[in-house]
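Let's take a friendly walk through this structure together. Have the sequence and the coordinates open as you read.

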Amino acid sequence: MQDPNYQTDLFDIEKKLRGNLEKWGMIEESIMRQKSRTKWLKLGDSNSAYFHACMKNRISTNNIKAFVNQDGKLLQNDQEVEEEVVGFYEKLLGNAAEQMQMINPTVMKNGTILTRDQQMKLIEPISTEEICNAMNDIDDHKAPGCDGFNACFFKKACSIVGEEIIQATK
């Protein structure tokens, strides 16, 4: 007859061994990463064959050798690839305006079109509610600002920095 604890003991041993294997695998990977950095520090920054081989590899990785356009046509010529990319972005972004729209003089002759109440509403101070609404309307995954923090940070830290944000905005 077999002991029921025998299998659970084997499971525990296997779990412990898997944990050790994973730990030592990560340690070995870390050592290899450090060795590669050491090799780069010794050989990489000098004008050596190793440096040029690394740069050649990087250039070939970053180079577009072939490109399939939206019609399914394979483009391999550098000029064709360039024309396709430029054409795509011109279509996406549109063309630059040749001439800026100027102010219509007849509108200027009419004078103020807004009522006095509307004019006053335009220059009244920004409310705290407007600032909070604007902050909540910003997508969390937008690029960070010049301080390195994105909107998600400010939303989550609102209890700490909320008043400072409101005062800075006002």
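Buried means under 20% relative accessible area, exposed means over 50%, and partly exposed lies in between, with a 1.4 Å probe and protein chains only. This is a predicted model, where local features need pLDDT of at least 70 and side-chain atom pairs count only at pLDDT 80 or more, while totals for chains, interfaces and linings use all residues. Residues are numbered from 1 along each chain as its sequence is written, and side-chain values use heavy atoms, leaving out hydrogens and water.

Let's begin with the cysteines. C132 is partly exposed, at 32% relative accessible area, and C152 is partly exposed too, at 23%. The structure holds 0 disulfides, a disulfide being a pair of cysteine sulfur atoms within 2.5 Å. For C132, the nearest cysteine sulfur belongs to C158 and is 5.9 Å away.

Now turn to N69, in the loop between β1 (67-68) and β2 (74-75); strands here are DSSP runs of E with at least two residues, and helices are runs of H or I with at least four, numbered from the N terminus. N69 counts as buried, with 12% relative accessibility. A polar atom of its side chain lies 3.1 Å from the backbone nitrogen of D71. Beyond its neighbours within four places in sequence, N69 is in contact (heavy atoms within 4.5 Å) with L75 and E84.

Finally, look at helix α3 (residues 78-93), where L92 is found. L92 is exposed, with a relative accessible area of 53%.

Methods:
A polar contact is a pair of N or O atoms within 3.5 Å; within protein, one must be able to donate a hydrogen and the other to accept it, and residues adjacent in sequence count only if both atoms are side-chain atoms.
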